[in-house]
Amino acid sequence: MLTDTTVPFFSGAASVRRDWSRISHRVRKIVRRGRFTSHEMVHQLEKAIKEYTGAQHAIACNSGTDALILALRAAGVGPGDEVILPTYTFFASVSSVIHVGADPVLVDIVPGSYAIDPDRAAAAVTSRTKAIMPVHLFNQTADLATLCDLAEELGLQVIEDSAEAIGMRVAGRHAGRWGTAGVLSFFPTKTLGALGDAGMVLTDNEDIAGRVRRARCHGEATELRHTYLELGWNSRCDELQAAVLLTRLERLDQDILRRAQLAQRYSERLARLPQVTIPWQAPAKHQSNLVWYVYLLETERRDELVDFLADHDVGTEVYYPRPLSHQPCLRHLPGARHPVPVARAASRRAVGLPLYPDLTDEQVDLVCELIEKFHGGRDE
Ligand SMILES: *Cc1c(COP(=O)(O)O)cnc(C)c1O
């Protein structure tokens with residue numbers, strides 16, 4: 001039961017209602033045309049995302065996870081190759097590497113940005129290393145300039161897991177465009193969310209773009225129906241999802257602004273509590289702008305706080321309860337027992353608070369009040 005004091009971790013209901021007439025206008029067009037995948041809406045979405053990100057090629061597919069697999073494969077990452085990535089990220093970052101047959105090498109992160117530690121990445125390079133996969137989590141990018149310099153020096157590729165990073169830019173260049181290829185996820189909770197699954201590959205490389213386009217449709221030659229040049233997948237994007245995304249893209253910058261206001265409201269109030277650590281920006285060669293996909297708080301009594309908030313109808317999400325190297329299906333990886341103290345501390349202390357454009361100032365105040373109450377009152 002939703003009550004006035006319920007704050008779900010995520011809700012997109014009000015946003016959908018807000019956008020509904022413009023979405024349904026596009027849906028009616030789709031129904032009139034009678035083409036339901038990879039058609040006009042998807043082409044328009046690809047064009048709009050190219051404009052938004054500045055990428056030469058934007059190729060829509062079924063999910064952010066598929067986009068990672070397609071991008072890695074198209075970049076030539078496969079059996080025998082190692083890919084260095086952070087141990088603190090969503091599971092799809094690492095599973096995509098394994099699905100293309102390569103070996104993931106998981107390394108620790110830096111505090112603040114929760115992104116891969118460039119020094120750890122450099123130390124993990126071997127003769128088999130093919131690529132580095134920076135992941136941009138929560139509200140800022142990894143230290144892209146440093147990582148790209150390192151990759152260039154060593155002749156490695158950079159494949160960015162920029163699934164969360166729409167709107168994030170470093171020195172004016174959109175996330176996902178620093179490396180050979182990058183991705184976007186349009187999972188419903190993401191900053192630009194569909195009403196289901198969808199994703200996108202971003203690249204400036206013509207050859208990679210062509211391979212991704214082929215591979216998302218079974219490996220079929222673009223100009224020759226029923227002729228398959230390689231083994232691919234079915235990873236098409238639905239016209240319906242493209243219609244939703246095109247509509248929401250028109251308001252994306254406003255939504256990003258609203259997210260920033262809400263994040264600032266949390267930070268101003270929670271900064272006064274000595275028991276918690278509010279989000280901060282890790283020093284990087286060039287700073288990324290902040291785009292608030294997730295508001296991540298750290299506290300020593302995280303698990304108790306999560307229970308306390310749940311008892312008061314406030315939803316939270318623990319990102320991520322354990323480093324990837326501690327996942328049951330990944331414990332066999334070489335290096336899985338290497339110490340990753342920063343990731344371990346984050347997995348013990350971090351919790352995501354509700355943050356989405358539908359959230360009201362009053363709801364943020366309520367969550368803050370409860371966090372203060374949990375920690376025994378405000379410390380003035
Ligand atoms: C969401 C996400 C993905 C996967 O995207 P899906 O669209 O859910 O498949 C991959 N990596 C990161 C970091 C993500 O946050």
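Begin by selecting Tyr320, which sits in the loop between helix 10 (302–311) and helix 11 (341–349). Helices (H or I, at least four residues) and strands (E, at least two) are DSSP runs, numbered from the N terminus. The peptide bond that leads from Tyr319 to Tyr320 is cis, and its omega is near -15°.

Residues are numbered from 1 along each chain as its sequence is written, and side-chain values use heavy atoms, with hydrogens and water left out. The model is predicted: local features need pLDDT of at least 70, side-chain atom pairs count only at pLDDT 80 or more, and totals for chains, interfaces and linings use all residues.

**The loop and helix 11**

Select Gly315, which also belongs to the loop between helix 10 and helix 11. Leaving aside neighbours within four places in sequence, Gly315 is in contact (heavy atoms within 4.5 Å) with Val7, Pro8, Phe9 and Pro354.

Next, move to Val342, a residue of helix 11. Val342 is partly exposed, because its relative accessible area is 27%. Buried means under 20% relative accessible area, exposed over 50%, and partly exposed in between, with a 1.4 Å probe and protein chains only. Which residues does Val342 contact, leaving aside its neighbours within four places in sequence? They are Asp108, Ile109, Val110 and Pro111. Val342 and Tyr114 are 228 residues apart along the chain, yet 8.5 Å separates their C-alpha atoms.

**Two residues with positive phi**

Select Tyr114 itself, in the loop between strand 3 and helix 5 (118–123). Tyr114 is not a glycine, although its phi is positive, at about 55°. Tyr114 counts as buried because its relative accessibility is 8%.

Then select Phe138, whose place is in the loop between strand 4 (129–132) and helix 6 (144–154). Phe138 has a positive phi of about 70° and is likewise not a glycine. With a relative accessible area of 1%, Phe138 is therefore buried.

**Helix 4**

Select residues 91–99, which form helix 4. Which residues of helix 4 are buried? They are Ala92, Ser93, Val94, Ser95, Ser96 and Val97. To see what these buried residues pack against, display helix 3 (64–74), strand 2 (82–86) and strand 3 (103–107). Just after helix 4, select Gly101, which takes a positive phi of about 95°.

**The ligand**

Now select the ligand and display its surroundings. How many residues surround the ligand? There are 14, and the closest are Gly64, Thr65, Glu164, Ser185 and Lys190. A residue is counted here if one of its heavy atoms lies within 4 Å of the molecule.

At Gly64, a backbone N or O atom is 2.7 Å from an oxygen atom of the ligand. At Asp161, an N or O atom of the side chain is 2.8 Å from a nitrogen atom of the ligand. At Lys190, a polar side-chain atom lies 3.0 Å from an oxygen atom of the ligand. Taken alone, the ligand exposes 380 Å², of which the protein buries 92%. These accessible areas come from the Shrake-Rupley method with a 1.4 Å probe.

Select Thr203, found in strand 9 (residues 199–203). Is Thr203 buried or exposed? Thr203 counts as buried because its relative accessibility is 2%. A polar atom of the Thr203 side chain lies 2.7 Å from the backbone oxygen of Thr180, and the side chain of Thr203 also reaches the backbone nitrogen of Asn205 at 3.0 Å. Not counting residues up to four places away in sequence, Thr203 touches several residues, including Ala55, Gln56, His57 and Ile208.

Finally, select His174 in strand 7 (residues 173–174). His174 counts as buried because its relative accessibility is 0%. Not counting residues up to four places away in sequence, the residues that His174 touches include Tyr52, Thr53, Ala165 and Met168.

How values were computed. A polar contact is a pair of N or O atoms within 3.5 Å; within protein, one must be able to donate a hydrogen and the other to accept it, and residues adjacent in sequence count only if both atoms are side-chain atoms.
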